[in-house]
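The exercises below are meant to be worked through with the sequence and the coordinates side by side.

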Amino acid sequence: MTDLRSPEPAVAHRPAAPAPIPTPGRSGLNAGVRFGLNGALLPASGLLIAFAVWWVTARLELVHPAALPTPNSVLSAFTDKPDKMLEHAGATLLEILIGFALSAAAGILLGLSLAASRTVERMFTPLLVAVNAVPKITLGPLLVVALGWGQKPILTMVFLLCFFPIVLSTATGLTTTPVDLAELVRSWNASWWQAFRKVRFPAALPQIFVGLKVAMPLAAIGAVIGEFQAGEGGLGYVITQYAGMGDTATAWAAIMLVALISIVLYSALVFLERLALPWVRETTSTR
């Protein structure tokens, strides 16, 4: 019997081209250059622009010199008394770290409670919003009366400023678990603790870090406000004392140290986030 199927034309299979061999060290070098550009050069450029604007504004006396001295005057005020300024900076740094740690621990625990129980959420959310709406500087004198002078009212001020964003971010992260992960957990018949430990809490960590990063600069603000009201040392105390004496250059030097502390602590928190959550940058879009 004659085969009516037309024969397929023979196709010559050419061997696949070998994969290009990566040049040793080239990718790592490029990554290092990009990291150096983004991690050091660009922030430094932004700071230089800010200082240039400050210098021009002060030199042209667009702001009264008593209120805004030149950057050279501020630097001289710091170099005249570096030991004293660093001692006060250390006191403020300690208050920031302690207050932030207390607010982070309490905020995450309360966020867990709000996410676990709708009754608790409805009961305490209006109270939290009301407390957060109160201008914290108005509580300074009352905290001094209630807690006395020293670190107690300062740490309380730091706590009050940092607490709400951490609670909100924790509760939001735990109640917005991706649908596909939630369905996967249900298909496994996992217990509440297993679902929380394996899925819900890890999925909420990026949102929790958002709250922590919002709260970190607020911790510095709270420490300075507390030192304005009840401080016996610290950079807030330096600002009020030297500004009252008309030495605004030293007051600005203290302000610059507060800003530097905030930048360092925020950068450390960002580095900790990248170290603890390496999958976030791999599973989300980047600019």
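Helices here are DSSP runs of H or I with at least four residues, and strands are runs of E with at least two. The structure is a predicted model.

**Exercise 1. Overall make-up**

Determine how many helices and strands the chain has, and what share of its residues is buried.

Solution. Under that definition, the secondary structure comes to 11 helices and zero strands, and the pattern read along the sequence is accordingly α-α-α-α-α-α-α-α-α-α-α. Turning to accessibility, buried residues account for 32% of the 287 residues in the chain. Finally, of the contacts between residues at least 6 apart in sequence, 73% join residues at least 24 apart.

**Exercise 2. The salt bridge**

Find which residues form a salt bridge, and decide whether each partner is buried or exposed.

Solution. A search of the whole structure returns one salt bridge. Its partners are E273 and K213, whose closest N and O atoms are 2.9 Å apart. The pair links distant parts of the chain, since E273 belongs to helix α10 (residues 248–276) and K213 to helix α8, 60 residues apart. The cut-off for a buried residue is under 20% relative accessible area; E273, at 13% relative accessibility, therefore counts as buried, and K213, at 18%, counts as buried too.

**Exercise 3. A buried glutamate**

Solution. Begin with the location: E227 lies in helix α8, which spans residues 192–230. Side chains of opposite charge can pair when their charged atoms come close. Leaving aside neighbours within four places in sequence, the residues in contact with E227 include T92, E95 and I154, together with G233, G234, L235, G236 and Y237.

**Exercise 4. Helices α3 and α9**

Solution. Two packed helices are described by the angle between their axes and the distance between the axes. On the α3 side, K84, M85, H88, A89 and T92 take part, and they meet L235, Y237, V238 and Y242 in α9. A polar atom of the H88 side chain lies 3.0 Å from the backbone nitrogen of G234. Beyond neighbours within four places in sequence, H88 is in contact with G233, G234, L235, Y237 and V238.

**Exercise 5. Separation in sequence and in space**

For V56 with P71 and for A116 with A171, compare the separation in sequence with the C-alpha to C-alpha distance.

Solution. V56, found in helix α1 (residues 26–59), counts as partly exposed at 38% relative accessibility. V56 and P71 are 15 residues apart in sequence, and their C-alpha atoms are 10.0 Å apart. A116, in helix α3, is exposed, with a relative accessible area of 53%. A116 and A171 are 55 residues apart in sequence, whereas their C-alpha atoms are 8.7 Å apart.

Notes. Residues numbered from 1 in each chain as written. Predicted model: local features only at pLDDT ≥ 70, side-chain atom pairs only at ≥ 80, totals over all residues. Heavy atoms only, no water. Contact = heavy atoms within 4.5 Å. Buried < 20%, exposed > 50% of the residue type's maximum accessible area, 1.4 Å probe, protein only. Salt bridge = Lys/Arg side-chain N within 4 Å of Asp/Glu carboxyl O. Polar contact = N/O pair within 3.5 Å; in protein donor to acceptor, adjacent residues only side chain to side chain.
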